[in-house]
Amino acid sequence: GKMNLDMGFKDKNLISIEIPKQDVGVYIIQAENNLEIIKEFMTLVGKSYLPPKWAFGFQQSRWSYENSEKIDWVIEEFRKNDIPCDCIYLDIDYMVEFMDFTLNKDLFPDFEKWIVEKKKQGIRIIPIIDAGVKVKDGYETYEVGKANNYFCKNKEGEDFQAAVWPGLCTFPDFLNPEVRKWWGKEYKKLIDLGIEGFWNDMNEPAIFYSPERLEKAIDGALEAKGKNLGVYDFFNLKDSFLNLSNNESDYKAFYHTDKDGKKMNHYDVHNIYGTNMTRAASEGFQEINKEKRFLLFSRASHIGAHRYGGIWTGDNHSWWSHLLLNIQMLPSLNMCGFLYSGADTGGFGANASGELINRWNQFSIFAPLYRNHSALGTRTQEPFAFSTEEMEHNRNFIKFRYALIPYIYSEFLKSRENNKPYLMPLSFVYNDEREKDVQDQILAGDSLMLTPVYMPNQKGRTVYLPEDMLFCQVKKWDEIKFQTLSKGDHYIQAGIDTIPLFIRKDKILPLAKPEKCVDDMKGDTLQLICYLDKKATYELYDDDGVTNNAELLKANIEITLKNGEPQVVVEKSEKLKYRKFNLMIILSNGKVFNKNI
Ligand code: GLC
């Protein structure tokens, strides 16, 4: 339900949290420092959802790619331009009249065969599922839901109806376990056709309007017709339409029933609706195929939902300020346990410039969920949609993402195993006063500090280094310029073709040769870049990438300096696929050693 958080807004010296309802459990976590508090919290809320490894590849979306031919063309552009990609998304228009679990066969003929063909090309197709179920006689999901009383009810005990994409909809009562069970199995209709992942949307639930309130607004407009409206009458009229969507009074107008038959007003449980939709899907997947990992993320969510799926940050815009927001939101989501998270890269609403896409890619390559998505009516923003030069940069950045997959996947598994964030503020690791002020640099896993450029027309930026670090100017995955920089303030060069990145002291970054998709990355060789002061270590995690409860495979890499010469020790699980390690070791004095073991 509703909660008001006032972080020193009304009174600078007071943080106040107001919870109008009484039934609240408060947990107080005491620990040594921020990171320990978050670890305790993450231990409390449970282990993160684990996506398949291919879900760490680049993903391309658009509202909407209109048919299978258009998607074939998009894939061809990716492959022709040598830009890796693992997933293409189906937005709402793949359905018949926006009805969940249906498929428009005119737009997608031979769907099953087509899905097999796409998979051979290294592409998974990911459809959207919305919370609202169209009210339509003869539509199976609606009919079954209605017959079994699976939908939320109004005050009179009838199915509550309000409009979303298809017009009037009913809303499954996801708080009821029986409904979740039913809904979870509905996904089978598409899984049986070869689908391996979904995104759950509009599950706050979003409501465009309720018929009663729309009618009232129209009556008001008719009444105003021909009248000379003054300021207040005009604003009232305007607001009566503007406030139709997602209105509190609609959320107060319907009810859930829990497993014991207890009725709950939606308004009081609003925040857990989306969570329970994702839970229904996740538990459904378990029933449908216990062994297999599915891609799943949601728009609406709540603490605890990270166990069932990931989250994306919803409808952002192609604005520079939203790139900065993205940089700041991901550590916050990580602290809440949502490790598999990301934003619409390039921005959803408004038109993106090639420069914005370049810079956004430079950041998003580090996000576990890395998807480019844009809204209907906006300029297309695929990595190849801009100038040849900008496309080349995108190709280089996305290839670098694939080179980073052993690292990102390893850090993801480690964070999941050890209940800690993957993306986090500097102050979680460094404890001087200065780090607390840094809001535009973040740590990504054990080895990296990210310093993205998030403003237009920049050739670089200022950074603060909490300790000596190795500055990497990444142009391509195999074209990186290194420079050791000392603790303190610096201006670093990072033109539009360059990702500015830092490797921490005594840390190691593993990189692999990129391929067109994750499934193709079968190589047994890792490049290891190490910034060595005294003793550098890296613990690499991996697994089979596809099954639930897969065995964790590990390697321990240790590099020390003996009489000015680096010594390397690698201990690894027998089954770990990486067998060859090409090392580049850079000492603080700038001396470089290359070693292959
Ligand atoms: C919502 C989603 C967006 C999607 C659109 C159409 O706005 O957040 O990602 O493209 O609906 O389905």
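Predicted model: local features only at pLDDT ≥ 70, side-chain atom pairs only at ≥ 80, totals over all residues.

I began with Asp 91, where an N or O atom of the side chain sits 2.5 Å from an oxygen atom of the ligand.

Next I looked up Arg 299. One of its polar side-chain atoms is 3.0 Å from a ligand oxygen atom. For His 373, I got 2.9 Å between an N or O atom of the side chain and an oxygen atom of the ligand.

How much of the ligand does the protein bury? On its own the ligand exposes 310 Å², and 98% of that is buried by the protein.

Then I listed the neighbours. I found 13 residues around the ligand, with Asp 91, Asp 201, Arg 299, Asp 315 and His 373 as the closest. Sorted by class, this shell has eight nonpolar, four charged and one polar residue.

New entry: helices. I picked helix 12 (residues 320–335) and helix 13 (residues 354–364), whose axes come within 10 Å and cross at roughly 5°.

Which residues make the contact? From helix 12 I noted Trp 320, His 322, Leu 323, Asn 326, Ile 327 and Leu 330. From helix 13 I noted Glu 355, Leu 356, Arg 359, Trp 360, Phe 363 and Ser 364. By class, the contact between helix 12 and helix 13 comes out as seven nonpolar, three polar and two charged residues.

Note on methods
Residues numbered from 1 in each chain as written. Heavy atoms only, no water. Axes fitted to C-alpha atoms, helices over the stretch in contact; angles between N-to-C directions. Helix = DSSP H or I, 4+ residues; strand = E, 2+ residues; numbered from the N terminus. Contact = heavy atoms within 4.5 Å. Nonpolar A, V, L, I, M, F, W, Y, C, P; charged D, E, K, R; others polar. Near = heavy atom within 4 Å. Polar contact = N/O pair within 3.5 Å; in protein donor to acceptor, adjacent residues only side chain to side chain. Areas by Shrake-Rupley, 256 points an atom, 1.4 Å probe, with all protein chains shown as cover.
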